[in-house]
Amino acid sequence: MPLSSSNLHFSYAAPVLRGVSLALAPGRVTAILGPNGAGKSTLLKLLIGALTPAQGAITLDNRPLLDHSRHQRAARIAYVPQRSSIAFAYSVREVIRLGRYLSDRSNDDAAINAALARLELTDRAGDPFGILSVGQQQRVTLARALAQLDLAQPDLAQPKTPRADDDPDSTTTKILLADEPVSAMDPAHALDAMELLRQIAARGHAVAVVLHDLSLVLRYADHAALLTTRGEIAAHGPVADVITPATLAPVFGVGFTLLPDPHTGRPTAAVPGPPASTPADPRHIVRPTTTELRAAQSWHAAEQQRLCAECNTRPPTGLPGEAPRAPNTSAHRPMPRAAAFTLCPFVPLSLCP
């Protein structure tokens, strides 16, 4: 495998990743999934060498990642962050040109123009990066990655035959790591960007992409790695094996329904539904402490008295975690058992137990 990790452990103030092993294969789009705070972005930063694991190993072409120089790594691996912050008023063209500098490649206008054209940014090339919308900035960042790895020009996008020396341009497979690259794009540009990642993989390169939209995972990814809130791998393998209600529900704590394509019968969307019928696996969730639960119960009791006074109804008894008692007015509409409260129609945007 061109880029792989084995038994990665990493902590900030608390453990974030625990025993994560991942291999990015050429010709494959690997989706990295998981709840907020599961360590997905941290994993990508480890894979580019921006962070150092407390335990475990990362290898590039069977050599430790950090044995490669920074320019060698940049010539092989491009990273697309969630958000890019630029310290100076660089133009769109100048931001993309930075990708050429990172990989120590020539200041080739043809590569930059090709990246601008592929992401439909040619008419914005002279605009300051900072005035663009977030979705447009994401397209610029993706274009920078294309220019960095020489993936925008068709004649340079095919894998090369390896040579014996250490020239970073001699290697075969490029690796593109993208962290929620389409989260702010409109649907048309999001689909185009995902199709681009699919095309890059089809040329024999490796792509890893963090996504929350499971329909994009089902449509464009080959493999998926599902992280839990404990930073552990809950499932890893072909998308069809990972994106299942039985696999997703324990990790996200909510049920899912797979919707099939009417023509092919293959799942094209995973729609979250009501809370999972079975409790989330305790290994995958963080439970509140006794002190936090008591504080929440005290707040709940005070809030229910205030809200029900506004709509002149007597609150039912019971605390969070108990089933709702029958209310004494039809104005209250019971919600599912897991919610343990009802919505008060007379107090806008408030919760009345």
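Colleague: Among contacts between residues at least 6 apart in sequence, what share joins residues at least 24 apart?

Modeller: Keep in mind that this is a predicted model. Taking the protein chain's contacts between residues at least 6 apart in sequence, the part that joins residues at least 24 apart is 61%.

Colleague: And how many helices and strands are there in the protein chain?

Modeller: The chain runs to 353 residues, and 46% of them count as buried. As for its elements, the protein chain has 15 strands and 11 helices.

Colleague: Let's pick one residue. Is Val 207 buried or exposed?

Modeller: You'll find Val 207 in strand E8, which covers residues 206-210. Buried means under 20% relative accessible area. Val 207 has a relative accessible area of 0%, so this residue is buried.

Colleague: Which residues does Val 207 touch, leaving out those up to four places away in sequence?

Modeller: One of them is Arg 28, which is 179 residues away in sequence, yet the two C-alpha atoms are 6.3 Å apart in space. With residues up to four places away left out, Val 207 touches Arg 28, Val 29, Thr 30, Leu 176, Leu 197, Ile 200 and Ala 201.

Colleague: Now the helices. At roughly what angle do H4 and H5 cross?

Modeller: H4 is residues 109-118 and H5 is residues 134-149. In H4, Ala 111, Ala 115 and Arg 118 meet Ala 143, Leu 146 and Ala 147 of H5. By class, that contact has five nonpolar residues, one charged and no polar ones. The two axes come within 9 Å, and they cross at roughly 145°.

Colleague: Is that crossing of H4 and H5 left-handed or right-handed?

Modeller: Look at how H4 passes H5. The crossing there is right-handed.

Colleague: What about H5 and H7, how are they oriented to each other?

Modeller: H7 takes in residues 187-202, and its axis comes within 12 Å of the axis of H5, with a crossing at roughly 15°. Angles under 35 degrees count as roughly parallel. The two helices, H5 and H7, are therefore roughly parallel.

Colleague: And which residues of H7 does H5 meet?

Modeller: The crossing of H5 and H7 is left-handed. From the H5 side come Arg 139, Leu 142 and Leu 146, and the residues they meet in H7 are His 189, Ala 193, Leu 196, Leu 197 and Ile 200.

Methods. Residues are numbered from 1 along each chain as its sequence is written. This is a predicted model: local features need pLDDT of at least 70, side-chain atom pairs count only at pLDDT 80 or more; totals for chains, interfaces and linings use all residues. Side-chain values use heavy atoms; hydrogens and water are left out. Helices (H or I, at least four residues) and strands (E, at least two) are DSSP runs, numbered from the N terminus. Buried means under 20% relative accessible area, exposed over 50%, partly exposed in between (1.4 Å probe, protein chains only). Contact means heavy atoms within 4.5 Å. Axes are lines fitted to C-alpha atoms, for helices over the stretch in contact, and angles run from 0 to 180 degrees between N-to-C directions. A crossing is left-handed if the near helix is turned anticlockwise from the far one by less than a right angle, and right-handed if clockwise. Ala, Val, Leu, Ile, Met, Phe, Trp, Tyr, Cys and Pro count as nonpolar, Asp, Glu, Lys and Arg as charged, and the others, Gly among them, as polar. Angles under 35 degrees count as roughly parallel, over 145 as roughly antiparallel, 65 to 115 as roughly perpendicular and the rest as oblique.
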